[in-house]
Amino acid sequence: MRITYYSADMDAASWIPGLQAALPGATVTLWEPGAPQADYAVVWKPPQQLLDEQTSLKAIFNTGAGVDALMQLRLPAGVPVIRLDDAGMSVQMAEYVCHAVIRHFRELDGYESDMAMGKWSFRKPRSRVDYPVGVLGLGVLGERVAKSVAQFDFPVNGWSQSPKTIAGVQSFHGAAQLDAFLAASRIVVCLLPLTPDTENILNAQRLAQIRPGGYVINVARGAHVVDADLLAAIDGGHLAGATLDVFRVEPLPQGHAFWNHPKITITPHTSARTLRSESIAQIARKIAALQNGQTVAGRVDAARGY
Ligand code: NAP
Ligand code: GLV
C-alpha cells in the first residue's frame with residue numbers, strides 16, 4: 001500500500017515518519033508533481049494538481065476538522081473524503097471557549113487593567129441567567145463546547161441542521177429557528193463548518209438579533225463573520241466585544257482593525273490544533289478499517305459540504 005502526504009503548512013519531516021511508523025506495511029512519501037500513484041492521500045490544503053494526478057486513490061484524509069479548503073477543489077468522483085473526527089481537538093476547543101466566556105462574563109480584562117493601574121475596586125457581580133450562551137454548530141466540537149459551558153451553570157442554546165437532544169442544552173435547528181436561537185443568546189460561539197449556507201452568517205442583520213450587550217466568539221472560520229458588520233455592531237454599542245481565533249485572510253493582515261481594537265481579543269487560529277500523534281493514530285486506524293471493508297467516522301458528505 002502506498003500513501004502520499006502533502007500539507008500546505010504542517011511539518012512533513014515529522015508526519016511522514018509518524019505515518020510510516022503507524023502503518024509499517026505501507027510506503028509513505030511526500031507528494032510532488034509526478035509522484036507515483038498512491039492508495040491513500042493524507043493532505044491539508046492540497047493543490048488541484050495532486051487530485052488530478054492521483055487517479056488510484058481509495059480515500060482522501062484531511063488532516064484537520066474543517067474541509068472547506070478541499071471543497072473548493074474538483075474532487076475525484078466516488079473517492080471518500082475523511083476528516084479528523086476530534087483527535088484531541090474537542091477538549092482544546094472546550095477549554096478555549098470556556099476561557100473566553102468566563103473572561104468576558106467575569107470582566108477579567110477590566111480587572112487586569114484596573115490592577116495594572118494600581119486600582120483596587122470591585123464590579124457588581126453579574127448573573128449567569130443574563131448571559132445565555134448560544135453555540136452555532138453542535139457537531140463533534142460544538143457539542144463538547146456546549147456541554148462544557150453548561151458545566152459552569154450558564155443557560156446554553158445550540159443550533160444545528162438537524163434536531164439534537166443534549167442534556168443542559170436547548171436545541172434549535174434549521175434556518176427557521178435561527179432568529180429564535182439568536183434572540184435567546186447573549187454570547188454567541190460559532191462552530192459551524194464553512195459552507196455556502198453558513199458563509200457570512202454573522203452579518204449585520206443576524207448580529208442585531210443577538211441580545212443587547214452581546215459577545216461573539218468565532219472559532220470556526222473567518223468567513224462566517226462579516227468583519228465590517230461586527231466592527232459596526234461593537235462600535236455602535238449593540239455588542240460588548242468579541243474573541244476571534246479565525247480570520248478571512250490568515251495571517252491577519254497588518255493594519256486590520258481587529259489587531260488593536262480594545263474590545264476584540266484575537267489569537268492566531270490556535271483554539272484547537274491538529275495534534276500530530278493523535279491524528280496519525282486516528283488516520284492509521286481508519287486506513288486499516290477501510291482496508292478491511294469497514295466504514296469509518298468523519299466521512300464528508302460532499303453535497304452538504306461538511
Ligand atoms: P461537525 O462535526 O461537522 O459539526 C458541524 C455542525 O454544524 C453540525 O452540528 C451541523 O449540524 C452544523 N451545521 C452545518 N451546517 C449547518 C447549517 N447550514 N445550519 C445549521 N447547522 C449547520 O464539525 P466539527 O468537527 O464540530 O468542526 C466544526 C468546524 O470547526 C470545522 O468545520 C472547522 O471549520 C472549525 N475548526 C476550527 C478550528 C480552530 O482551531 N479554530 C479547529 C478545528 C475545527 P448537524 O449536526 O445537524 O449536521
Ligand atoms: C482547523 O481549523 C481545522 O479545521 O482542523
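Q: Which residue forms a salt bridge with D68?
A: Side chains of opposite charge can pair when their charged atoms come close. A salt bridge here is a side-chain nitrogen of Lys or Arg within 4 Å of a carboxyl oxygen of Asp or Glu. In this predicted model, D68 pairs in this way with R221, and their closest N and O atoms are 2.9 Å apart. D68 lies in helix α3 and R221 in the loop between β10 (214-218) and α9 (227-235), so the pair ties together parts that are 153 residues apart in sequence. Helices (H or I, at least four residues) and strands (E, at least two) are DSSP runs, numbered from the N terminus.

Q: Is D68 buried or exposed?
A: Buried means under 20% relative accessible area, exposed over 50%, and partly exposed in between, with a 1.4 Å probe and protein chains only. D68 is buried, at 15% relative accessible area. R221 counts as buried too, with 16%.

Q: What should I know about the numbering and the model before going on?
A: Residues are numbered from 1 along each chain as its sequence is written, while chains are lettered from A and ligands numbered from 1 in the order in which they are written. Because this is a predicted model, local features need pLDDT of at least 70 and side-chain atom pairs count only at pLDDT 80 or more, whereas totals for chains, interfaces and linings use all residues; side-chain values use heavy atoms, with hydrogens and water left out.

Q: How many salt bridges are there?
A: The count comes to 11 salt bridges. One of them joins R74 and D52, with the closest N and O atoms 3.1 Å apart. R74 sits in the loop between α3 (68-71) and β5 (81-82), and D52 in helix α2, 22 residues apart. R74 is exposed at 56% relative accessibility, and D52 is partly exposed at 41%.

Q: Which residues are linked in a network of salt bridges?
A: The network links E107, D114, K119, R123 and R126. Within it, the side chains of D114 and K119 meet at 3.8 Å, N to O. D114 is buried, with 5% relative accessibility, whereas K119 is partly exposed at 42%.

Q: Where is L50, and is it buried or exposed?
A: L50 belongs to helix α2 (residues 48-53). L50 counts as buried, with 0% relative accessibility. The C-alpha atoms of L50 and A35 are separated by 8.9 Å, and these residues are 15 apart along the chain.

Q: Which residues form a nonpolar patch on the surface?
A: Patches are made of residues with over 30% relative accessible area and no salt bridge; like charges are joined within 9 Å, and nonpolar side chains (Val, Leu, Ile, Met, Phe, Trp, Tyr) within 5 Å. Here M115, W120 and F122 make up such a patch, with about 470 Å² of accessible area together. Areas come from the Shrake-Rupley method with a 1.4 Å probe, and for residues only the protein chains shown count as cover. F122 is in the loop between α5 (108-116) and β6 (133-136), and F122 is exposed at 70% relative accessible area.

Q: How much space lies in the second largest pocket?
A: On a 1 Å grid over the protein atoms alone, a cavity is a set of points where a 1.4 Å probe fits but cannot get out, and a pocket is an open set with protein on both sides within 12 Å along at least five of seven lines; lining residues have an atom within 4 Å of a point. Grid points are joined across faces, edges and corners, and a volume is the space filled by probe spheres set on the points. The second largest pocket holds about 380 Å³. Among its 18 lining residues, H104, D109, Y215, A240 and K263 are the closest to its centre. β11 gives the most to this lining, with four residues.

Q: Which residues line the largest cavity?
A: N218, G222, V225, D227, L244, V246, F247, R248 and F258 line the largest cavity, and its volume is about 40 Å³.

Q: Which peptide bond is cis?
A: Most residues other than glycine have a negative phi, and most peptide bonds are trans. The bond from E250 to P251 is cis, with omega near -5°. P251 lies in the loop between β11 and β12.
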